[in-house]
Structure formats: C-alpha cells, structure tokens
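Please look through the sequence and the model shown below before reading on. The report after it is meant for a reader who has not seen this structure before.

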Amino acid sequence: MSATLAKGISAFKEVIDAPIASFFSSCVHCGLCAEACLFYTETSEAKYTPIHKLEPLRRIWKQEYTLLGMLGKMLGLSKPVTDAELAEWEPLVYDSCTLCGRCSMVCPVGNDITYMIRKMREGMAASGHAPEDMIAATTRAINIGSPMGVKWPAVQAQIRHVQADTGIDVPVEREGADYLVVMSSMEIINFPEYLSALSRIFKQAGVSWTLAQDAFEATNSGIQIGASDLAREIVSRIVVAAERLKVKCVISPECGHAFTALRWEGPNLMGRPYGFEVKHILEVLDELQKAGKLKTSGKDKRPLTYHDPCQIARRGGVVEQPRRLLSEIAADFREMSDAGVMNWCCGGGGGVSAITRAEPLRLQAFKIKKRQIEATGVQTLITACANCRIVLEEGIEHNHMKVEVIGLTELLAQYLVEESTP
Amino acid sequence: MKHAQQPDILPGTVGEGLAQRGITRREFLQLCTTLTALLALPPSMASAMAEAISKARRQSVIWLSFQECTGCTESITRSHSPTLENLIFDLISLDYHHTLQAASAEAAEHARAAAMKDNNGKYLLIVDGSIPMGNPGFSTIAGISNHDMLMETAQGAAAIVAVGTCASYGGIPKADPNPTGAVSVGDIVKNKPIINVPGCPPIPVVMTGVLAHFLTFGGIPELDAQGRPKSFYGETIHDRCYRRPFYDQGKFAQSFDDEAARKGWCLFKLGCKGPVTYNACATTKWNDGTSFPVQSGHGCIGCSEANFWDAGPLYEALSMPVSVTPSMLGAAAVAGAAAGAAITWHNRSTKAAAKAAHKKVTVQDLTREEK
C-alpha cells in the first residue's frame, strides 16, 4: 500500500461533485480572488492566485466530465495531469493556502474556492504529494491520538495542575454531563491557561461538563491533509465518546479548524446527524453571559483588538459573540480593519503552520497582519484559536513587535467574579 | 407685489396669446418649471425657457395622420383642462391636422400648402401612423398617397416628430404579416432630424415636453439609439416601477386575481414587459398623474418598443422563449434530454468507478514508495 498517481487521479475524479463542476464552469477568470489572498498580496506572485492553485483539478474535471474536454483528451489536445505537475502544485495547494476562505467571499460568481482546495487535497494526499510534515502529523494523530503526540497522561498532569491551582475538581468521564469539553494539543502543551480558565468559568456558571479520556483531542489532521477516511476516524473518536457519555453538547475549543472538522465536516464524514450539538466555546460563553450566568467585574484598561480566526468567524459564523464578550471586559476595544468575516488570516491555518519549509513564506504573508495590528496601535491582541495564537506570536517575535497575544476565554476568566462555594 | 415685473408682451407672440387668455406669468413659470424638470434640465433653465417661449412666435406645426387609430391625437387632446398640454397648444399654430381642423377637402389641403409656403424650412412636422409601401390605395388623403404626402411635406420641415409607435417603428400595421407593407417615418425620410416619441399612445406630457424643448432651444433633444428623447425614454418602466421591491424580493403574482395580485406584487410572471420597455409611464404616469398600467394591475405590454406586437405573447413572462414553435421546442427538449442523459450516465459511471476504486486510506497510503 502506498500513494500513487493513479490513486490521486481517481481521488480527483471522486471528489468532483456538482458544486465543483458548477464552480469551474462559472469561473469568469476575473482574478479578483488574487487580491483576497494574503499569499498573493504580500508576494505579488501570480502563481498564488487562488483559482490557479486548482489548475490540475480543473483539467481533470474538464477531461473527465465535459464533452469538449473528453474530445480534447481523445484527440490528445489536452495534456494529462502528471506526477511532476502535482509535485509543482504541492506548495500551492498546501504551503500557500490556509483554507482561510477569503477568496470564496470575493468571488463575484460565488465560487467556494476554499471548498475546492479542501477537496483537491484528497487527490494530492492520495498521490503522495502532501507535505512530509503533514503526513507525519497525521500519522501521529492516527497512531498516537494527537498530531503533536500528546497522550492522556499529559492531560492528567494538566488536570492535577488546575486542581492544585484553583481547587476545582475537573470532571472526567462523567456520564450525563451537559457538555463534553475537547481541546487542541496546543492548549494542552502551550496554553494550559485554557483549561484552568474554563474550569473557573464553568464552576461559577454552574455548568455540568466533563472531559473524556479517549477523546480529548479536537484537532483533525485528516481534514488538513485531505484524507477523509482518516478525518472520519479522528472525528469519530469524539462522536463515539460524546454519545457514550450522553452529553447534550460538545464544546469545540479555541481552535479554528477543529470547529470546522467537528461542526461542519463531521456529520458529512460520519454520514449521519449527530445525537448532540456542537458549539464553539465562544458561543457557549456568549450564551452563559446572556443568561446572566457569567459575571465579570472591572474592565481591562489596555487598548486591545481582536483577531478573528478564519474558521470561527468567516467559515464558522461566530462574529458577534466575541465582540459582545469583549464589550463587557474591555475598556478600550479597537476594531481591526477588515474585522469580522473579511479578516485577514494569521497565515498559518489549514495545516500551514505544521509545514516547516513554509515558514519563510508564512512570515512574509504575516506582513498584512503586522500592518493591521500596527494600525490599531494596541499592544494586546485577543484571539480565540490556539493555532492563530502560536502563529501570531511567531510573527510578532520575528518582527520584534511589542504585542502580547491572549486567548479570549483566558482574558474573560481574569475578570470573573468568583463567588465563595455555596 | 406678486406681479411687480411684467414680461414684455410682444404682439403675435406666445406671451401675448397667454396674456389674452388670462394666464399669469406665475402660472406660466410653473409650467416651464415642470417641463424643465421633466426634460431633466437644470432648474435654472426654467426662467430661460419662459423667456424663450413667451417671446417666440407661435411655431407653425403641420400634423399628418397616416395608418393610425387616432389614439395618439386622442391622448394629446383629451388631457384634462387646464393642463400643461392645453397651454402648450396655445404656444403653437396648428396649421393642419385633419382630425382637429374645421376646414375640409380643398380648403384643408390649401391650409397645408399655405403653411408649407409661408414657413418653408421652419415648420415642425408631426406624423402619427405608419406609411403603407404596398398598394398606395391602402391609405390616401385627398387622393394623395401617404408616401407622397409625407415626402412632400417633409421637404420644407425644420424637424419631424414621429408620434406614436406606428410613426416611430411601424407599430401595429407593421405587425406580422404586415399586409400593407407598413414602414416608419425614419425608414423613408433620411435627410431630416427625426424625434421618435413612441408609445401606443405616447404620454401627453412627453409630447408637450418635446415641443417645449424644440421651442426653447430650436433643436432636437438628446436621443437614444432608437431616436427617442433620453429625458423621457432613458430608463425602463421596471427600473422606476413602484412594484420593483417585490420583484427584488421574488414576490410575484401568479394570476390576476390571486392573493399576491391583490397585495400588489410584481406582475413579471404575468407577462409584464417593464424590464425591457423604455418609457416614462412609471414616473409621469397617465391622466394627470393618476395611474399607469402596472398601478392598475396589468403588466406593461411594452408599447413604446419597436415591434412590440410581435415580441411574444403579452401574458407570458419575459423569460419564456418566444420565437420557436412548440414542435421545435419539443425536439430540442428531447435532444437536450438525451444528450444530458448520455453525459450524466457517462459522468456518473466515471465517478462511480472512482468511488469503487477507492480503498480506505491509511496513514501508510500517504507516502510514496519511491520517496
């Protein structure tokens, strides 16, 4: 068993569906998507035009699914897709696309280019043209349980830490709890504040929740690399655990693509509706605040801004919630240009942050974010995605900027009114 | 202090005529302001227009009626009194118009000859009705064929106004199979400026507006590609229709007496030709600004457009095909369905084969052997 060109071509044929066929046939070659892509605007290289990244897939569609294309193929007028070509396209489909979805927003004919890139990655992965680093991460996710190699004992260590710090008992494997909390491995390793903040907020709000031993990892490398079979295996761990524990809702953590994987792709991968809801942590916090269960006091006096993670705002629709939450605790909130659904990506989503060789390109693309942050004049940047946070911190470090990045949940917990245990 | 400054009233001018009829300068200025607005001229032009018109000698006008139904004349003369339209008629000297003139036979034709002689090169020729090019006997006046009368009268005209869709584009007489060989004025008169004022009939104020423009500026207004004044025919009925918001929301009446029709929803699906019809009905309206067809519950039939009579069924939505026969349509549908089925079958089998070839991907499948 190994990846071959034939498998890749077959996968391309398999992923071409009615939306893709109509997108390709309605593309008017206007090039507007280029201006929406940070890899194009920051490099001015035409090859980073989003629709161009799909060229091999477009040719397969044309040759296999259109009358003229079939004739052209028969007469040898159109060149077949080759390994060499796919190898050339690998950096375009992976390194320079964060699946941020900004191109899909500007397409005048409504083509969801991001959807097509996601599908194209299926053929790229099947033909062995996925970046090595992503293959390694996916292998760890399948074999170990987490793309960063995190295992349950690491989470247990975290739990003990939280319990020692806050005195709050972190519930594990509690059947019948309302919420199942899952995390990204970055939150387990890099940002332990998240679990601590969540425990305190949920205690104050009286939320019944639990962690699951076999489903603590929310990220899904299968989605990023483009291997639906593996993505299904990863997402099913959470689905099985949630249904075993009979929770009403699974809370997607401060991680962009985990939300996409769980909320949007998951039921399609499983081929059935879930028996529970999926909400992003910001949606849950917003609901708690609306219900008066999230009490804060005081406001952060630092000027601060909010970076909308693409998968949460643009692709996920969670735009108003962080603003409502911030309005309660921020005295000087400054909106970034293009904030909300048109926000610029941090440059590391869609698996790009895992690709080592993409780092110089990623840092170049970060210039747009740098300009955006500098225009607001703040030194405190709030976000709600651990991956955005790491990529932002790297970019900030690289550019010697004096900006601190904080997760929104964590900031919220700092202003929590903690009542004495009743 | 209302009339502190009286205009100079010269004998024989429009100003004198108006003064005789007891029309004050204030009323006259109001008329000019309205016309200025309708013609999309700057507001400052109102007083200039008043000056120009009141000092002008009454313009000699010859009105010829050919293959027509007299609807255009009805439209202009049946306006409610006292309106701009009536006033405007005091501004011109209508020297020949067989429906309106008292004279008949020899005397009538004499009036036309006299007007042509006295005002050679200066008179305005208004034509309603199309001109039969088949047998000249299809339509004659005083034994003169329509063609000959038009060509003779056009010779000394300063400009020609083709009133109504028949004179502008041939109209209903030209409708398929066009038994009389009807043509428009513009089809046969090539050496004179022609203003087309189409409509079946045209709106009275559009007529008077064009005349006022001619009197004020001594020339013809800016015209569109079909020879119509842009100030009145610049936008479609649809673009100015008060029911447009319903169209934008996809709210359509499905029949003339359904709930949606009673609620005043868009009549597009009932055949309204508003989207392709350029006219001022939706803005100036009819009968003293009372209403217009769409407002009364009937779609626009597109009467100010060339060949509107042959442009498909009046009660079929614009998106319906018009030029093909049912059998052609049937054959095309069968051929299309067959081609569609064939390509669908092919594409389905391509995709099914790809699906069948799909073996569950494992992590080992992500790496190439030679790598």
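Predicted model: local features only at pLDDT ≥ 70, side-chain atom pairs only at ≥ 80, totals over all residues.

Residues are numbered from 1 along each chain as its sequence is written, and chains are lettered from A and ligands numbered from 1 in the order in which they are written.

Chain A holds 21 helices and eight strands, where helices (H or I, at least four residues) and strands (E, at least two) are DSSP runs, numbered from the N terminus. Of its 422 residues, 52% count as buried; a residue is buried if 20 or more other C-beta atoms lie within 10 Å of its own, exposed if 12 or fewer, and partly exposed in between, with C-beta atoms placed from the backbone. Two residues are in contact if their C-beta atoms, placed from the backbone, lie within 7 Å. Among contacts in chain A between residues at least 6 apart in sequence, 82% join residues at least 24 apart.

Between the chains, 21 residues of chain A are in contact with 19 residues of chain B. On the chain A side, two or more residues are given by each of helix H1 (5-15), helix H5 (55-65), helix H9 (113-126), helix H10 (132-143) and helix H15 (228-244) of chain A, and the largest share, five residues, comes from H10(A). The residues of this side divide into 11 nonpolar, six polar and four charged, where Ala, Val, Leu, Ile, Met, Phe, Trp, Tyr, Cys and Pro count as nonpolar, Asp, Glu, Lys and Arg as charged, and the others, Gly among them, as polar.

## A helix pair and a loop residue in chain A

Two packed helices are described by the angle between their axes and the distance between the axes. The axes of helix H2 (residues 18-26) of chain A and H5(A) come within 11 Å and cross at roughly 100°; axes are lines fitted to C-alpha atoms, for helices over the stretch in contact, and angles run from 0 to 180 degrees between N-to-C directions. H2(A) and H5(A) are therefore roughly perpendicular to each other, a term for angles of 65 to 115 degrees. Ile20(A), Ala21(A) and Phe24(A) of H2(A) make the contact with Arg58(A), Trp61(A) and Tyr65(A) of H5(A), and these residues divide into five nonpolar, no polar and one charged.

Thr43(A) lies in the loop between helix H4 (38-41) and H5 of chain A. With 16 C-beta neighbours inside 10 Å, Thr43(A) counts as partly exposed. Leaving aside residues up to four places away in sequence, Thr43(A) touches Tyr48(A) and Gln364(A), and its C-alpha is 7.5 Å from that of Ala365(A), although the two are 322 residues apart in sequence.

## The sheet of chain B

In chain B, five strands form an open sheet in the order E2-E1-E3-E7-E9, with parallel pairing; two strands pair if DSSP finds at least two bridges between them. The edge strands, each pairing on one side only, are strand E2 (92-97) and strand E9 (194-197) of chain B, and the twist averages 25° from one strand to the next.

| Strands | Bridges | Direction |
|---|---|---|
| E3(B) and E7(B) | six | parallel |
| E7(B) and E9(B) | four | parallel |

Tyr123(B) has Ala157(B) in E7(B) as its bridge partner, while Ile160(B) is partnered by Ile194(B) in E9(B) and Val163(B) stands opposite Val197(B) in E9(B). Five of the seven residues of E7(B) are buried, so this strand is largely enclosed by the rest of the structure.

## Helices of chain B

Helix H6 (residues 105-118) of chain B lies across strand E1 (59-65), E2 and strand E3 (123-128) of chain B, running at about 135° to E2(B). Helix H10 (residues 204-217) of chain B also packs on the sheet, touching E1, E2, E3, E7 and E9 of chain B, and its direction makes about 160° with that of E9(B). Because 13 of its 14 residues are buried, H10(B) is largely enclosed by the rest of the structure. Just after H10(B), Gly218(B) takes a positive phi of about 65°.

For H16(B), the count of buried residues among its 31 residues is zero, and the helix is hardly covered.

Definitions and conventions:
Parallel < 35°, antiparallel > 145°, perpendicular 65-115°, else oblique.
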